[in-house]
Amino acid sequence: MAPITMNHITKVYGDGYPAVNDVSLEIADGEFMILVGPSGCGKSTLLRMIVGLEDISSGDMLIGGERVNEKAPRDRNLSMVFQNYALYPHLTVYENIAFPLRLKGVSDDEIKRRVEEAATTLELTEHLQRKPSQLSGGQRQRVAMGRAIVRQASAFLFDEPLSNLDAKLRGQMRTEILRLQRRLDTTTVYVTHDQTEAMTLGDRVAVMRKGVLQQVASPRELYEQPLNLFVAGFIGSPPMNFLPAAIEDNQVKLPFLSYPLPREVAAQIGDSDLLIAGIRPEHFADSSLVDEHKRDRGTTFEVKVDVTEWLGSQQYAYVPFEAPEEINRHLAELQQELDGEQMRTQMIVSLDPASRIRDGAKAELWLDPSRVHLFDPRTGKNLTRDAKAEAPAATATSSASGSASSAPAPAPASSSAAASSTAPASSAAAPAPASAPASGSAGSAEPPAPDGSLRPT
Amino acid sequence: MTGSATATRPKQRRQRSISVGGAILIVVYTMLPIAWILSLSLKSPGDLTNKKFLPSHWTLANYRTVFKTSLFTDALRNSIGISLIATVIGVVVATFAAYAIARLDFPGKRVILSLALAIAIFPQVALLGSLFSMWRAVKLYDTWPGLIIPYVSFTLPLSIWVLSAFFREIPWEMEQAAQVDGATAWQAFTKAIVPLAAPGVFTTAIIAFFAAWQDFAFAITLTSTNRARTVPAALAFFTGASQFQQPTTAIAAGAIVVTVPIIILVLVFQRRIVAGLTAGAVKG
Ligand SMILES: Nc1ncnc2c1ncn2[C@@H]1O[C@H](COP(=O)(O)OP(=O)(O)OP(=O)(O)O)[C@@H](O)[C@H]1O
Ligand SMILES: [Mg+2]
């Protein structure tokens with residue numbers, strides 16, 4: 001058990017391309033840190049540098065306060081679960097789990113005790129004498145976990161451990177991993193592609209793009225206060241809608257509605273007259289279903305719905321719109337980076353399943369403009385990001401955590417983010433402390449609900 | 001439903017009997033010469049023309065004759081020695097080459113592989129004449145190295161192909177997994193990779209051994225005395241127990257002596273090789 005500190009870590013492969021570029025990240029003792037990003041953004045590379053399978057081109061890697069750049073993997077005392085599990089095919093499940101202990105020369109009795117303990121935790125007891133090839137995917141995954149937890153490693157590293165499982169099993173194993181991590185309270189770095197895993201597992205989530213760290217924050221902050229266009233588009237499913245926002249006469253003109261330009265945005269944009277508006281699908285509503293007292297806070301507008309999808313618990317409506325060429329180009333680029341296919345210019349609206357809005361019909365929607373994010377198309381910076389929103393969270397964190405080490409530490413994280421200059425250290429200060437169980441529920445430590453956080457002028 | 005089910009059943013049965021019949025045919029076709037040689041080796045020399053498949057009376061006399069003839073015993077020694085040495089050299093070199101081809105990226109990798117394939121299908125007989133002259137000039141004629149060198153060079157390409165295909169299938173992350181688990185580089189290699197690679201190396205060794213063991217063309221061309229002559233070549237010079245008898249039955253006995261161990265070898269190790277090959281990948 002140990003904190004992991006990365007100072008300006010860079011990895012340049014033979015072809016000169018920096019797969020990981022100046023990443024600084026502080027992972028507190030016992031914290032569950034998620035690394036996400038589109039394919040090829042350097043997540044695995046970063047993880048492999050932590051564990052020592054990849055040389056570090058420059059920067060310092062500290063585990064438990066000790067520099068480990070030159071240490072061999074075996075001297076770092078970390079355990080790792082690989083994407084394809086990397087079980088030893090010629091050994092039984094028992095021997096697979098016992099492997100790290102045998103290498104350390106632990107006595108047979110002790111090995112037996114610890115392997116059986118791990119097997120019980122992971123419900124593998126019946127399979128101990130079988131070979132990995134005789135196991136199902138989920139069982140293999142558990143064997144890999146068993147091998148990771150059987151010795152007292154300083155930290156666990158997971159590289160997309162669930163991506164080979166089917167959806168149902170993935171859900172089960174996800175909660176299993178979370179439970180295990182909470183129980184063992186071991187520092188964990190977890191690489192994933194999966195939105196759900198990223199949002200549910202992590203105390204904090206680090207979003208990467210082309211080797212550069214974009215934002216490190218609690219899942220909630222990432223979702224509600226993304227630092228830039230990339231993070232906004234990457235986090236959330238269905239994704240955030242991006243609409244062209246023309247600025248005219250201190251008004252923000254979206255394809256279907258317009259509202260007054262927030263003052264803090266006006267101060268930042270200079271003379272540019274075209275922004276990108278980001279709106280989460282669930283921030284729209286069927287205006288006929290909006291509460292009377294809430295209705296006044298927002299604007300209603302009429303759209304023509306192209307297609308609706310009714311999923312029982314949710315309903316999605318697709319609304320096509322026109323966007324100027326310049327915005328389309330930015331969005332297409334972004335989409336490509338996010339691994340998306342698209343891009344028809346349409347917005348996704350999440351409606352109450354009770355809504356009677358139907359395909360091809362005209363519908364009246366409602367939107368609270370204070371929840372609209374505005375981004376600078378050139379830099380991608382979020383202009384409406386409310387740094388104040390995190391200020392109370394930061395104080396709550398430091399007072400609630402008690403372990404002073406975790407609160408101030410993450411500050412360097414933002415130094416490498418492209419748009420960090422506007423959010424001095426605050427982006428990193430918000431995370432729930434590692435020691436607090438289940439960050440999602442630690443409501444007091446979270447930023448206040450954005451309802452009140454963004455006031456239209 | 002039932003109609004179609006009953007209709008397919010006779011069809012399936014017919015297909016089945018056709019494939020079983022075909023299998024039997026192939027086995028008989030390939031086994032017949034061996035059975036015949038076996039039966040010949042158990043006939044007495046005079047019994048050769050008894051116009052029957054089986055001997056009139058069974059005898060092991062031919063085997064006794066064979067093992068008393070120095071022509072044969074020397075040849076057996078040469079065969080074993082030369083084949084083993086050629087196999088060891090070939091497999092060691094092929095293992096290094098295949099490892100490099102499977103794991104490293106270097107310029108000319110494709111060229112090496114294509115060249116290996118070209119050599120593997122090269123008609124070796126075309127080289128016999130020139131090798132004969134060359135070996136006499138460089139004093140390799142009728143020596144062990146004189147045979148080992150061509151055997152190594154002609155089995156090497158195939159060995160490299162087989163091994164590199166095999167090595168490519170090995171999950172090499174195992175090595176890294178082992179290192180993370182606390183192994184040194186050497187431990188990772190011996191504990192995680194060698195057990196997986198061994199069956200492949202073994203398979204290759206057997207293939208290479210056979211190639212050398214059963215070669216006739218090089219053996220007859222590049223040797224002249226018992227010094228280096230191997231069994232397939234020696235059998236051609238066989239005269240039997242006395243000059244007045246047909247040596248056919250003794251040759252048959254010699255042939256059986258060199259064939260049977262090979263068959264047993266294959267049968268014994270076949271299971272291990274197949275098991276090893278299929279145990280390879282452990283992906284989800
Ligand atoms: N051995 C290597 N040599 C050269 N470039 C490499 C090597 N390994 C990875 N890269 C490059 O480094 C970048 C990051 O790769 P990495 O495997 O870390 O991505 P990732 O974020 O894990 O992606 P994925 O989600 O697809 O696993 C990629 O652009 C990749 O092409
Ligand atoms: Mg990866």
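Colleague: Which residues surround ligand 1?

Modeller: Ligand 1 is surrounded by residues of chain A, where a residue counts as near a molecule or strand if one of its heavy atoms lies within 4 Å of it. This is a predicted model, in which local features need pLDDT of at least 70, side-chain atom pairs count only at pLDDT 80 or more, and totals for chains, interfaces and linings use all residues. Residues are numbered from 1 along each chain as its sequence is written, chains are lettered from A and ligands numbered from 1 in the order in which they are written, and side-chain values use heavy atoms, with hydrogens and water left out. The residues around ligand 1 are A:Tyr13, A:Ala19, A:Ser39, A:Gly40, A:Cys41, A:Gly42, A:Lys43, A:Ser44, A:Thr45, A:Glu160 and A:His193.

Colleague: Which helix gives the largest share of the shell around ligand 1?

Modeller: The shell divides into three nonpolar, six polar and two charged residues; here Ala, Val, Leu, Ile, Met, Phe, Trp, Tyr, Cys and Pro count as nonpolar, Asp, Glu, Lys and Arg as charged, and the others, Gly among them, as polar. Helices (H or I, at least four residues) and strands (E, at least two) are DSSP runs numbered from the N terminus. The largest share, three residues, comes from residues 43-51 of chain A, that is, helix α1.

Colleague: What percentage of the area that ligand 1 exposes alone does the protein bury?

Modeller: Polar contacts are pairs of N or O atoms within 3.5 Å; within protein, one must be able to donate a hydrogen and the other to accept it, and residues adjacent in sequence count only if both atoms are side-chain atoms. Oxygen atoms of ligand 1 lie 2.7 Å from a backbone N or O atom of A:Gly40, 2.5 Å from a polar side-chain atom of A:Ser44 and 3.3 Å from a side-chain N or O atom of A:Glu160. Accessible areas come from the Shrake-Rupley method with a 1.4 Å probe, and for residues only the protein chains shown count as cover. Ligand 1 taken alone exposes 630 Å², and the share of this that the protein buries is 60%.

Colleague: What percentage of the residues of chain A count as buried?

Modeller: Chain A contains 13 helices and 21 strands, and its accessible surface comes to about 18,700 Å², of which 49% belongs to carbon and sulfur atoms. Buried means under 20% relative accessible area, exposed over 50%, and partly exposed in between (1.4 Å probe, protein chains only). Of the 457 residues of chain A, the buried share is 57%.

Colleague: Is B:Thr223 buried or exposed?

Modeller: B:Thr223 lies in the loop between α9 (217-221) and α10 (231-236) of chain B. Residues up to four places away in sequence aside, B:Thr223 touches B:Tyr141, B:Asp142, B:Leu147, B:Phe218, B:Ala228 and B:Arg229. A polar atom of its side chain is 2.5 Å from the backbone oxygen of B:Ala219. Because its relative accessibility is 5%, B:Thr223 counts as buried.

Colleague: What distance separates the C-alpha atoms of B:Pro247 and B:Pro45?

Modeller: B:Pro247 lies in the loop between α10 and α11 (248-278) of chain B, and at 18% relative accessibility it counts as buried. B:Pro45 is 202 residues away along the chain, and the separation of the two C-alpha atoms is 7.3 Å.

Conventions. Contact means heavy atoms within 4.5 Å.
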